[in-house]
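I opened this entry to keep a record of what I looked up, chain by chain, before going any further with the model. The sequence and structure go in here first.

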Amino acid sequence: MTENVSAPAALRLRDLRKSFGKPAVDGLDLTIQPGEFYALLGANGAGKTTTLRMVAGLLQPDSGEVSICGIDARRNPLEAKALTAWLPDEPLLYDKLAPLEYLEFVAGLWGMDSGEAGARAEDLLRRLGLWEQRNQRCEGFSRGMRQKVALAGALIHAPRLLMLDEPLTGLDAGASRLVKDMLAEQTRQGVAVVLTTHILEVAEKLADRIGIIADGKLIAEGDLGQLRRLSAQNSAERSASLEDVFLDLTARGVAA
Amino acid sequence: MIPRSLSLARLVRHDLAISWRRLCGFLRAKTTTRALIVLGLASALLHLVAWPLALGLLALEARDGAVALDGLGFVIVLPWLMSQGLTGATRALYSRGDLDLLLSAPLPPQKILASRALSVAIESFGAVGMFLLPVANMAAILGGPRWLAVYPALASAVLMATGASFAATLGLFRLLGPKRTRAATQVIATLVGAWFVICAQIFNFIPEDSQKALRQALAHPAPGSWLDPQGALWLPARAAAAEGRALALWVLLGCGAFMLAVRALGPAFARGALIAAGEGRARAASRDGSFRCERAGALRRKEWRLLARDPYLLSQILLQSLYTLPVALIIWKSLGPNGSVAFSVAPALVAIAAQLSAALAFLAGSSEDAGDFVATAPVPPGEILRRKIEAIALPVALLLALPLAGVAFAAPRIGLVTLLCAAAGAASTAILNFWKPLENRRGDLIKTHAQNKLVGLVEHGLSICWALAALLLCLGSWTALAPIALALALLWANKPRAPGVKAFAPA
């Protein structure tokens with residue numbers, strides 16, 4: 001990770017709030033730098049997906065500030081969306097479109113130049129092992145293939161902030177490794193990657209920083225060592241796995 | 001040793017129970033009792049309507065004889081039965097719900113096919129009989145029990161049509177493959193179902209002399225010709241007219257054809273269903289073209305691709321254009337002396353444009369599988385709506401171009417008024433459908449095709465308003481402003497309140 005102090009944060013959330021009857025996101029503060037790989041962990045219903053949906057512009061926050069690469073996403077949603085990609089856990093594809101047609105549509109949505117987008121589409125599909133299937137409709141694809149098509153759609157417009165909700169679900173070991181490599185490569189190019197996952201091993205291996213969210217609040221944040229220290233304040237264990245740390249911190253609801 | 005599996009009766013009962021639940025869902029009846037009450041009331045109403053119809057039939061019978069009458073009846077009913085059978089056979093082949101389970105069970109494929117075909121036959125008998133049998137019942141009460149022969153004659157016809165439909169579907173399957181078969185049967189079912197409308201139109205547009213000759217031949221058929229009531233073609237008609245031997249032969253023929261079809265088609269059916277289950281991997285969707293993603297074009301092209309790849313939609317458009325064809329023909333026939341006919345056709349064209357665009361918009365809206373994803377794109381919600389409407393405008397314009405050109409040729413001013421009102425009508429019903437979000441996902445829509453009833457009503461209101469406006473404008477009356485104002489008010493009342501929250505448009 002390269003912390004660039006002069007550039008604005010890739011994502012900055014200040015006192016973000018959203019309530020559906022009861023608070024789902026409750027005063028969340030979060031800052032993610034360009035090129036940083038950030039894993040957002042939390043139990044089911046902790047507010048991870050609600051947060052990502054607000055950043056993606058799919059949900060209107062009740063209050064708070066969302067800033068993407070220095071752009072106020074609530075004031076200038078279109079400018080912010082142009083820099084963002086969101087990959088939900090259930091890949092949103094058109095069954096009746098082929099991967100190449102899907103990418104053509106996505107590139108159109110993000111207003112890309114045809115020549116550049118065409119080359120990128122071919123590169124992405126080849127790397128994801130989908131080039132042979134580029135003209136087949138997605139309806140017959142396995143879950144893993146759909147996930148890869150959706151990932152190509154998220155990457156084609158070269159976002160500066162990439163948000164992924166459980167991106168490895170349904171992928172086999174080979175594809176999972178490929179996707180992890182591609183995400184790491186994105187961060188090297190200065191793209192901020194935020195991912196939610198319940199596979200703690202993924203967070204442990206890939207993430208520069210890990211945030212733990214409970215009841216709509218960020219209760220702990222840091223690299224694995226820092227989280228271990230936080231967790232170990234009350235216990236003697238210093239070599240705990242992320243799973244132990246996660247369970248301990250969420251159970252105690254520690255404020256970072 | 002193969003364990004004893006379910007009996008045919010149990011399998012049919014299982015299929016019928018599922019069909020019944022689908023019917024209950026369609027009737028929006030929560031319980032069986034409620035569904036029975038609704039059906040009972042409908043049946044009573046149909047019997048009431050059948051009363052004058054039966055009186056008319058008896059009068060005609062006294063003049064032309066029962067056989068000719070039943071012959072005419074079969075000309076109408078048989079295509080209807082075929083259409084029902086084709087729809088049922090396609091559903092039996094493609095509804096993956098429990099077919100995988102049945103085919104993996106130790107059951108001979110003939111038995112599965114027999115149960116599916118029998119339940120399709122029973123459903124068709126119910127669907128057609130619901131409307132036909134009340135007439136037979138009333139005729140029996142008023143004219144004598146011989147009219148009850150319609151029951152076995154119809155049942156036998158249903159068995160025959162079902163057997164033929166399964167054979168046709170599986171034959172198409174072999175010829176065209178799984179994907180195209182579904183589209184083809186849907187189109188054929190639509191065409192066959194619209195058979196009567198087509199026939200009536202054909203009869204209207206053949207020259208006067210030929211019409212006369214045909215009437216003459218029908219009244220006094222030459223013995224041995226295909227119009228001779230004693231010929232083999234007329235067997236079902238004689239059966240329905242309660243001629244003992246003919247009825248026995250017809251029933252025997254129906255049962256025989258059905259059993260033969262089941263026996264012969266069993267293995268092909270099992271193969272077909274398994275292939276249908278694994279479809280989609282089968283073939284390439286398209287060939288490599290140039291990658292073009294200029295925004296407006298990319299957005300429209302995506303809508304067209306989705307529209308073009310929807311077999312259900314294709315048959316819908318086909319049906320709509322089938323109904324616009326006669327309108328175009330009427331204009332074509334009346335071109336010449338003055339524009340009076342064009343003037344009478346203008347409101348109809350406006351209404352058709354509005355309805356067609358509503359149907360297309362509804363289906364385009366329901367094919368939006370990734371609305372949430374589109375909402376994350378840096379595109380103003382208004383532009384996405386605008387591109388969708390543009391995408392729909394093209395097929396509507398293509399279908400209406402010919403009749404509109406006819407009107408414009410006959411009377412340019414009326415043509416212009418029709419064009420403007422049709423465009424306004426089409427745009428308004430399309431916008432309405434896009435504003436009203438669809439709750440259920442696409443797959444469910446195809447099954448139920450359940451459009452919001454209120455939206456349907458407003459849609460009709462809008463098309464009537466624009467048609468009326470076209471009529472008044474053609475008359476050169478300023479009162480045309482009233483229906484236009486009403487249409488705009490209707491549209492405004494249905495505008496989404498909190499933009500983008502529930503509608504497909506982004507937040």
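**Entry 1: chain A overall.** I noted at the outset that this is a predicted model, and I read everything below with that in mind. For chain A I found nine helices and 10 strands. Of its 256 residues, 49% count as buried, and when I turned to the contacts in chain A with a separation of 6 or more, I saw that 71% of them join residues 24 or more positions apart.

**Entry 2: the sheet of chain A.** I then followed an open sheet of six strands in chain A, whose order reads S6-S7-S8-S3-S9-S10 and whose pairing is mixed. Strand S6 (84-87) and strand S10 (217-222) of chain A each have a single partner strand, so they stand at the edges with one side left without a neighbour in the sheet. From one strand to the next, the twist averages 15°.

I also checked what lies against this sheet, and found helix H5 (residues 143-155) of chain A packing on it, where the helix touches S6 and strand S7 (161-165) of chain A. The direction of H5 of chain A makes about 170° with that of S6(A).

**Entry 3: one strand pair.** Within the sheet I looked up strand S3 (residues 37-42) of chain A and strand S9 (residues 209-214) of chain A, which pair in the parallel sense over five bridges. In that pairing, I found A:Tyr38 opposite A:Arg209 in S9(A).

**Entry 4: chain B overall.** Chain B, by my reading, has 19 helices and zero strands. Of its 507 residues, 39% count as buried, and 82% of the contacts in chain B with a separation of 6 or more are between residues 24 or more positions apart.

**Entry 5: a helix pair in chain B.** Which angle and distance describe helix H3 (residues 66-94) and helix H5 (residues 109-143) of chain B? I found that their axes come within 9 Å and cross at roughly 145°, and that H3(B) passes H5(B) in a right-handed crossing.

From H3(B), the residues making the contact include B:Val77, B:Trp80, B:Leu81 and B:Gly85, while H5(B) contributes residues among them B:Arg116, B:Val120, B:Glu123 and B:Leu132.

Note on methods:
Residues numbered from 1 in each chain as written. Chains lettered and ligands numbered in written order. Predicted model: local features only at pLDDT ≥ 70, side-chain atom pairs only at ≥ 80, totals over all residues. Helix = DSSP H or I, 4+ residues; strand = E, 2+ residues; numbered from the N terminus. Buried ≥ 20, exposed ≤ 12 C-beta atoms within 10 Å, placed from the backbone. Contact = placed C-beta atoms within 7 Å. Axes fitted to C-alpha atoms, helices over the stretch in contact; angles between N-to-C directions. Left-handed = near helix turned anticlockwise from the far one by under 90°. Pairing = 2+ DSSP bridges.
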